Amino acid sequence: MTLSTDDLIRSLAADVPPVGASAALRRIGLGSALGALLTLIVLLLSIGLRADLGAATHGFAFWMKALYTGSLAAIAFGFTLTLSRPDAVRATRVVWLIALPVAALAVLSLLELSHTPHDQWLDLWRGRSAHVCPWLVLGLSVPIFVGLLWSFRRLAPTRLRAAGTAAGFAAGALSATVYGLHCPESTATFVLTWYTLGIALAALLGRLLGPRLLRW
Amino acid sequence: MRASEDELKALMIKGLDGDALAHQALLGALAPLLRAFFGRRLRQTPAEVEDLMQEALIAIHTRRMSYDRGRPFTSWAYSIARYKLFDHLRRRRVDLSIEGLEELIGAPGFEAESAAAIDVESLLELLPPKQRRAIRATKLEGLSVAETARAAGMSESDVKVSVHRGLRALAQRLKDELT
């Protein structure tokens, strides 16, 4: 037995709290912050913080990593916000934006390699944790992605595959930033390869799951 | 008397600021517009159209924070309606085929539905200019293939091929995005 439309409208109009101009952004922020908190807890309980965290924050490498993943996260969240609206228009400019931090890190990596003897290049590139880093970034991105799924419940993405990709990308970039609290690696070459791979995997997962999970 | 974009947008913004009466008036004004939007595009009973219209109304209410005040209101609302329409078709396993899409794009409407046309425009933006112009002329402006061909300096078969390719590309794009 369905409600008459008049009754429906009356019941909807009983629930009209104010919605601020930046409500969508705050909603996305809240969902991803809650997810990131869970990610941090999981990190602390499992692999833990790096032992030299205090000292590391005085070094260049720590901030290089944070700035790289942080700028990717900022771009990704902008992308996510755009795609959370039902009338989102194609935004190819995003691809160009991503190129900026990647190019900057690539330059650092080239400088690094040029100052390192050839026989140490492989070590520079692989570090000690290449085999786990992308998977940890991917795994730690899951709570943040779930947080964004929650955010989307009050939003209206209509391009589901693109929105899923954006959310995955954002979750991966934020997760990689949190992961920096644990990760002992310090070369641009390592970060450019393995962090980026982890973030790309998160974006890919988002792309695959988007149409299923973002439906409303 | 159909409400205009300006009137609806004003009600929407008042509603966003917490004015429950304005929000109620907005939903009341949207109901007949949505009913017409769905009714014209689906071969369903009035009861089924009403159900889908109510779904769209609920979505417009629940997800109102997805509206950007700096942008037009009615294209936002019709984007939600169109999403609900395609999702409805997907659930009923209707193939988003070219014929179905033709009907959806070219359904005749009142000028109040020009806001729905704005939304179709954003769909058409995804196409190369040649296909876009061909579809706009034949489906939205109601020109014949011959008239379109003459106006664009193309052959008639060129127009037909452009329309066909454009619709196929759109149908594929929508399928990719929703399934």
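**Architecture and interface of a predicted two-chain model**

Of the 179 residues of chain B, 46% count as buried. The model is predicted. Chain B contains nine helices and zero strands. Its pattern along the sequence is α-α-α-α-α-α-α-α-α. Among contacts in chain B between residues at least 6 apart in sequence, 68% join residues at least 24 apart. The accessible surface of chain B is about 8,300 Å². Carbon and sulfur atoms account for 54% of that surface.

Chain A also comes to nine helices and zero strands. From the N terminus on, its elements run α-α-α-α-α-α-α-α-α. The C-alpha trace of chain A spans about 75 × 40 × 30 Å along its principal axes. Chain A has 216 residues, and buried residues make up 49% of them. Of the contacts in chain A with a separation of 6 or more, 88% involve residues 24 or more positions apart. Chain A exposes about 10,600 Å². Carbon and sulfur atoms supply 70% of this area.

Ser32(A) illustrates the buried part of chain A. This residue lies in helix H2, which covers residues 23–45. Its relative accessible area is 5%, so Ser32(A) is buried. Beyond its neighbours within four places in sequence, Ser32(A) is in contact with Phe77(A), Ile144(A), Gly147(A), Leu148(A), Ser151(A) and Leu174(A).

The interface was examined next. Here 39 residues of chain A are in contact with 43 residues of chain B. The two chains, A and B, bury about 3,500 Å² between them. Of this buried area, 57% is on carbon and sulfur atoms. The count of salt bridges between chain A and chain B is one. That salt bridge pairs Arg71(B) with Asp87(A), with the closest N and O atoms 3.2 Å apart. On the side of chain A that touches chain B, helices H1 (5–12), H2 and H8 (160–179) each supply at least two residues. The largest share, five residues, comes from H1(A). By class, the residues of this side divide into 22 nonpolar, six polar and eleven charged.

Over all chains, the structure holds nine salt bridges. Helix H1 of chain A contains one of them. There, Asp7(A) forms a salt bridge with Arg10(A), the closest N and O atoms being 3.9 Å apart. Asp7(A) and Arg10(A) are three residues apart in this helix, about one turn. Asp7(A) is partly exposed, at 36% relative accessible area. Arg10(A) is partly exposed as well, at 49%.

A further salt bridge in chain A joins Asp52(A) and Arg50(A), at 2.8 Å from N to O. Asp52(A) counts as partly exposed, with 37% relative accessibility. Arg50(A) is buried, with a relative accessible area of 13%.

In chain B, the side chains of Arg91(B) and Glu55(B) meet in a salt bridge of 3.4 Å, N to O. Arg91(B) lies in helix H4 (residues 73–91) and Glu55(B) in helix H3 (residues 46–62), so the pair ties together parts that are 36 residues apart in sequence. Arg91(B) is partly exposed, with a relative accessible area of 43%. Glu55(B) is partly exposed too, at 28%. Both belong to a network of salt bridges that links Glu55(B), Lys84(B), Asp87(B) and Arg91(B).

Note on methods. Residues numbered from 1 in each chain as written. Chains lettered and ligands numbered in written order. Predicted model: local features only at pLDDT ≥ 70, side-chain atom pairs only at ≥ 80, totals over all residues. Heavy atoms only, no water. Helix = DSSP H or I, 4+ residues; strand = E, 2+ residues; numbered from the N terminus. Buried < 20%, exposed > 50% of the residue type's maximum accessible area, 1.4 Å probe, protein only. Contact = heavy atoms within 4.5 Å. Buried area = accessible area lost by both parts, 1.4 Å probe. Salt bridge = Lys/Arg side-chain N within 4 Å of Asp/Glu carboxyl O. Nonpolar A, V, L, I, M, F, W, Y, C, P; charged D, E, K, R; others polar. Areas by Shrake-Rupley, 256 points an atom, 1.4 Å probe, with all protein chains shown as cover.
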